[in-house]
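Thank you for making time for this.

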Amino acid sequence: MDLPRLRDSIVEVERHRFAMQCDGVSYFYQFPVDASISRYFGIGMKGCDMLLDVLCMGWSWAPCIAQRASNVLVRDLGLAWVDNFLVLGGTLDEAERNVAVFRKRAQAARVEVRAEGDDALWQVRSRFVCVGVEFDLAAETQRHRLDPSWAERWVDGSGMTAVLSGRATARQFAEVFGGAVWATDILAVPRCHFAALLSFAGRLGGRMVGAAAPVWDEVVDVPPSARRELGALRKIVRENPWVVGGVPEDTGSVLWTDASSRAWAALLEAEGRFVDGRQGVFAGPDADAHINLKEMLAFAEGVVRLCWAPGAQRCRIDNAAVVGAVAKGSSSSYAANRVLSRSLRVAERRRIVLCPGWVPSGEQQADPYTRGASLPRFPAPLSASR
């Protein structure tokens with residue numbers, strides 16, 4: 001639908017100090033449908049056929065059209081989420097100038113918008129709730145958290161009570177799980193910490209999709225492991241801590257990790273040379289693991305053994321599955337989630353933000369040390385690994 005990524009939107013908002021909110025009034029109805037295509041927007045009823053002359057909310061392309069139009073209206077002034085507009089500014093004067101420009105654009109485009117709060121003032125604020133997220137831009141460092149009213153409803157809702165009891169309808173579980181996904185996104189809680197909950201949701205979703213007609217009122221048994229993880233997340237959401245924005249300083253080092261079918265290796269690069277490294281051989285159950293899991297194990301060893309400086313830690317991995325899992329904080333694999341969770345907990349304690357990046361296998365500096373080569377004496381030049 002061309003909607004902006006939630007995390008990107010939060011980062012953009014937290015680059016500013018002031019914002020003005022407004023909504024499009026009956027937004028989809030403000031998009032006229034040309035007469036040449038109106039026959040495709042009909043509603044057939046017994047004894048009555050109707051043609052729509054405005055955009056239909058049920059049409060799959062409608063949100064995309066609305067979002068693209070909104071992007072034009074708010075370009076260089078802020079951001080939009082379909083019909084929700086945020087006009088931003090680093091200072092109060094800048095925000096008010098941007099609001100004036102936005103209102104002129106909306107008027108020229110004949111788009112009706114309604115300001116949040118006092119319509120007459122079009123008030124610029126530093127603390128506000130938008131699309132389920134509360135922002136505090138007046139704090140020393142800009143921050144955000146869940147909308148407190150939403151958090152309270154999710155934590156104490158009847159669906160949550162049913163799921164935690166172990167027996168809930170599929171509909172109740174789906175609603176609670178959807179809220180869990182939203183909460184982990186807003187509060188920046190890695191989903192790999194909830195491997196059992198994700199696994200159960202995946203199995204239940206597969207069963208529902210495979211059914212001829214999904215039975216949302218079917219009662220399902222929620223396993224104890226999933227309930228424990230949901231209970232832990234519920235506690236976090238009840239506390240609803242502020243998440244501090246901003247981009248951390250770079251650690252100045254690069255972590256290289258790699259795995260072969262037999263061994264793993266991790267190297268730490270700083271100031272154009274290798275300053276530390278570890279290697280090992282897979283044993284026990286790990287020896288027969290899928291290569292993606294072995295790559296995740298290598299990454300975990302590198303983080304735990306080599307990364308100590310707080311800040312943004314660049315990581316170079318030649319396995320796309322691991323790069324994706326680290327970037328989003330979860331994997332589709334239960335086993336990989338368990339390993340990733342260990343890495344992220346260590347990183348959180350050390351105040352490290354992991355920044356994964358993919359490299360071709362031919363450029364992977366740790367590769368030779370997974371294939372029999374011994375680690376060099378540190379510090380060592382980069383060329384020592386190839």
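The secondary structure of this protein comes to eleven helices and 18 strands, where helices (H or I, at least four residues) and strands (E, at least two) are DSSP runs numbered from the N terminus. This is a predicted model, in which local features need pLDDT of at least 70 and side-chain atom pairs count only at pLDDT 80 or more, while totals for chains, interfaces and linings use all residues. Residues are numbered from 1 along each chain as its sequence is written, and side-chain values use heavy atoms, with hydrogens and water left out.

Along its principal axes the C-alpha trace spans about 75 × 55 × 45 Å. Of the 386 residues, 46% count as buried, buried being under 20% relative accessible area, exposed over 50% and partly exposed in between, with a 1.4 Å probe and protein chains only. If we take contacts (heavy atoms within 4.5 Å) between residues at least 6 apart in sequence, 70% join residues at least 24 apart.

Let me turn to the sheet. Four strands form an open sheet with antiparallel pairing, in the order S4-S5-S1-S6, and two strands pair if DSSP finds at least two bridges between them. Strand S4 (78–81) and strand S6 (113–115) each have a single partner strand, so at these edges one side of each is left without a neighbour in the sheet. On average, neighbouring strands here are turned by 25° against each other, direction ignored; axes are lines fitted to C-alpha atoms, for helices over the stretch in contact, and angles run from 0 to 180 degrees between N-to-C directions. S4 pairs with strand S5 (residues 84–89) over four bridges, and leucine 79 stands opposite leucine 86 in S5. Helix H2 (residues 62–73) lies across S4 and S5, at about 165° to S4, whereas helix H3 (residues 92–108) lies across strand S1 (18–24), S5 and S6, at about 140° to S5.

What does a search for disulfides, meaning pairs of cysteine sulfur atoms within 2.5 Å, find in the whole structure? The search finds zero. The sulfur of cysteine 64 is 15 Å from the closest cysteine sulfur, that of cysteine 56, which is too far for a bond. Cysteine 64 counts as buried because its relative accessibility is 6%, while cysteine 56, at 26%, counts as partly exposed.

Next, the largest pocket. A cavity, on a 1 Å grid over the protein atoms alone, is a set of points where a 1.4 Å probe fits but cannot get out, and a pocket is an open set with protein on both sides within 12 Å along at least five of seven lines, with lining residues having an atom within 4 Å of a point. The largest pocket holds about 1,900 Å³ of space, with grid points joined across faces, edges and corners and the volume being the space filled by probe spheres set on the points. Its lining has 44 residues, of which Arg7, Ala188, Val189, Val243 and Val353 lie nearest the centre, and the largest share, five residues, comes from S17.

Finally, two residues. Glutamine 313, in strand S16, is buried, with a relative accessible area of 1%, and the residues it touches include Thr251, Leu268 and Cys355. Glutamate 140, in the loop between strand S8 (133–136) and strand S9 (143–146), is exposed, with a relative accessible area of 77%.

Terms used: Disulfide = S-S within 2.5 Å. Lists of a residue's contacts leave out its neighbours within four places in sequence.
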